[in-house]
Amino acid sequence: MLPEIENLLHLQDADKSIRRLQDEIAELPKRVAAIEHKLADTKLQLEKAQAAVKADEAARRKYETAITDARGKISKYRDQSLAVKTNEQYKALLQEIQFAEKEIAENEDKILELMVNADTRDKEVKAAQADLKSEAAEIEKEKEEARQRTAEDEKQLTEWRAKRDQMRAGVNEDLLRHYERVSKFRGSGISEVRDHKCMACQVMLRPQTYNDVRTGQQTVVCDSCQRILYFNPANEMQALEPEHKRSRRHHPKIDASQAWYYRAEFADAGEVFLCLSNVAGQATRRVFDMGTGRLIGDILIREGDYRHAFPEDIAGAIRLNGSWSETEMENWGTEMPMTALDSLHTDLEAARFEMSSRTSAKSDIPSTVPTGQVAS
Ligand SMILES: [Zn+2]
């Protein structure tokens with residue numbers, strides 16, 4: 001392997017780590033902001049609940065005053081009734097008293113209603129207060145974690161940047177420019193060749209290109225994806241033992257809570273790896289670029305289990321082996337690690353081999369009439 005290629009590989013490692021750290025640093029404040037938003041929401045809920053309690057109290061005082069007033073009126077009318085001269089006057093006063101009694105009863109009903117509601121109001125206030133307390137504690141914890149994580153990331157970032165500068169110094173300018181241009185568009189600028197294929201874009205190399213990469217005397221780029229190609233004899237040895245390796249392909253479980261798939265076409269993203277999982281009664285879908293392992297778009301969540309939630313993604317896809325925990329995948333951030341990407345590629349290759357040998361086994365059954373019989 002050319003020393004420049006070796007430097008580029010180290011440079012790619014450094015670039016990836018830098019990108020991951022930068023993404024992580026950018027992501028942390030967003031998380032804190034999301035909780036802060038929730039906290040503001042809860043505060044608003046609490047204020048609303050408290051305002052409702054106050055409004056109820058004011059209403060109650062109003063009803064109580066109305067009752068006192070009505071009672072005052074009644075005793076006034078009773079006094080007056082002692083001094084009336086005519087039947088008509090007496091009747092009129094009685095009517096006034098009845099009217100005031102009705103008013104008292106109505107206001108008493110309203111107060112009773114408020115008392116019944118008061119219990120709910122009280123619960124609302126207490127719940128909002130409890131939420132506020134736990135969210136405030138959570139945000140402090142998150143902030144502290146984010147601060148520590150950022151400091152740690154920044155430290156690592158400085159180290160990786162120093163390493164990167166060192167690696168860049170070991171690569172000639174033209175090659176470096178090419179590497180950086182391709183990296184910018186494709187997420188990686190260098191790719192291994194295995195089994196006559198560019199491992200990043202999975203396109204077969206022309207024999208001459210393959211030989212040039214193998215001899216390692218000059219730098220060669222992939223015709224299809226423009227990545228700089230390199231060859232690692234140790235990995236090629238593994239690729240040359242497919243029969244042995246492939247015969248042991250482990251088959252993914254049909255009822256696994258997580259399933260990986262390969263799709264040759266996905267929206268306008270081209271070839272992708274899909275990860276479908278059942279998490280807490282919901283189905284989640286992650287889409288990764290097959291070449292770079294980068295996460296494409298947002299993680300999609302639907303109700304139910306993934307078989308029913310994403311049937312259109314499963315149809316026609318190749319099921320692969322792969323199992324990583326939710327936490328692990330969350331830690332990947334926007335890009336799966338090389339080890340995960342490699343294992344999916346290897347399994348895809350094995351699955352394809354398996355499928356092609358199944359097809360060729362079928363075609364072994366003579367479907368045409370042997371020539372001897374035609375002649376006779
Ligand atoms: Zn390529």
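What radius of gyration does the protein have, and what would a compact globule of 376 residues have? I looked that up before anything else. The protein has 38 Å, whereas the globule would be near 21 Å. For my own record, the radius is taken over C-alpha atoms, and the globule rule is 2.2 Å times the number of residues to the power 0.38.

**Ground rules.** I am working on a predicted model, where local features need pLDDT of at least 70, side-chain atom pairs count only at pLDDT 80 or more, and totals for chains, interfaces and linings use all residues. Residues are numbered from 1 along each chain as its sequence is written.

**Overall layout.** I got a span of about 135 × 75 × 30 Å for the C-alpha trace along its principal axes. The domain assignment lists domain 1 (3–167), domain 2 (173–240) and domain 3 (245–363); such bounds come from an automatic or database assignment. I find 43 Å between the centres of domain 1 and domain 3, over C-alpha atoms.

I count 11 helices and 9 strands. These are DSSP runs numbered from the N terminus, helices being H or I with at least four residues and strands E with at least two.

Buried residues come to 18% of the 376. Buried is 20 or more other C-beta atoms within 10 Å of the residue's own, exposed is 12 or fewer, and partly exposed is in between, with C-beta atoms placed from the backbone. I also checked contacts, meaning C-beta atoms, placed from the backbone, within 7 Å. Of those between residues at least 6 apart in sequence, 66% join residues at least 24 apart.

**The 5-strand sheet.** I read the order as β8-β7-β6-β5-β9, an open sheet with antiparallel pairing; two strands pair if DSSP finds at least two bridges between them. β8 (300–303) and β9 (318–320) are the edge strands, each pairing on one side only. On average, neighbouring strands here are turned by 25° against each other, direction ignored. Axes are lines fitted to C-alpha atoms, for helices over the stretch in contact, and angles run from 0 to 180 degrees between N-to-C directions.

I then walked through the pairs. β5 (258–263) meets β6 over 6 bridges, with Q258 opposite S277. β6 and β7 share 8 bridges, and F273 stands opposite F288 there. From β7 (282–289) to β8 I find 4 bridges, with A283 partnered by R302.

I noted that β6 (272–279) is mostly covered, with 6 of its 8 residues buried.

**The hairpin turn.** β6 and β7 form a hairpin with 2 residues between them. A280 sits in that loop and has a positive phi of about 50° although it is not a glycine. I noted this since most residues other than glycine have a negative phi. Is A280 buried or exposed? It counts as exposed because it has 6 C-beta neighbours inside 10 Å.

**The 4-strand sheet.** I read the order β2-β1-β4-β3, open, with mixed pairing. β2 (197–198) and β3 (220–221) each have a single partner strand, so one side of each lacks a neighbour in the sheet. β1 (190–194) runs antiparallel to β2 with 2 bridges, and R194 stands opposite K197. Helix α4 (207–215) packs on this sheet, touching β1, β3 and β4 (228–231), and its direction makes about 65° with that of β4.

I finished at H196, in the loop between β1 and β2. Its phi is positive, near 65°. H196 has 16 other C-beta atoms within 10 Å, so it is partly exposed.

Conventions. Contact = placed C-beta atoms within 7 Å.
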